[in-house]
Amino acid sequence: MGPLHFEKGLPMESHEEMSATRSTLTNAELQVLKWIRAGRTNREIGRILCKSEFTVKTHVQRMLAKTGLDNRLQLAMHTRALQHDEEAMFQSD
């Protein structure tokens, strides 16, 4: 993954880099990510997904390692940028 570029506090990458990041996440990681973006804690996510808090923490750590980001906030912002970029692509067709 290339370096992140920040614009107005959001990490901005090319669509190709962002799609590659998303494709490396597992379904379980994507489920956890959905709830991170909703502002839930690891404990809350574990309860929602019927997983232990430790398992959720492991998913978060793996996502951070895969994306090269430092924390949950960056992860949530990074994926919001991805979602926005993908939505814009479909609207332009």
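Biologist: In what order do the elements of the chain run from the N terminus on?

Modeller: This is a predicted model, and its secondary structure comes to five helices and two strands. Read from the N terminus on, the elements of the chain follow the order β-β-α-α-α-α-α.

Biologist: How many nonpolar residues does the contact of α2 with α3 have?

Modeller: On the side of α2, the residues are Gln 31, Val 32, Trp 35 and Ile 36, and they meet Ile 45, Ile 48 and Leu 49 in α3. Sorted by class, this contact has no charged residues and one polar residue, while the nonpolar residues number six.

Biologist: Which element gives the largest share of the largest nonpolar core?

Modeller: The largest nonpolar core has 13 residues, of which Val 32, Ile 36, Ile 45, Val 60, Met 63 and Leu 75 touch the most other members. Two or more residues of this core come from each of α2, α3, α4 (53-67) and α5 (72-92). The largest share, four residues, is given by α4.

Biologist: What percentage of the residues of the chain count as buried?

Modeller: A residue counts as buried when its relative accessible area is under 20%. Of the 93 residues of the chain, the share that counts as buried is 34%.

Conventions
Residues are numbered from 1 along each chain as its sequence is written. This is a predicted model: local features need pLDDT of at least 70, side-chain atom pairs count only at pLDDT 80 or more; totals for chains, interfaces and linings use all residues. Side-chain values use heavy atoms; hydrogens and water are left out. Contact means heavy atoms within 4.5 Å. Ala, Val, Leu, Ile, Met, Phe, Trp, Tyr, Cys and Pro count as nonpolar, Asp, Glu, Lys and Arg as charged, and the others, Gly among them, as polar. A nonpolar core is a set of buried Ala, Val, Leu, Ile, Met, Phe, Trp, Tyr and Cys residues joined through side-chain atoms within 4.5 Å. Buried means under 20% relative accessible area, exposed over 50%, partly exposed in between (1.4 Å probe, protein chains only).
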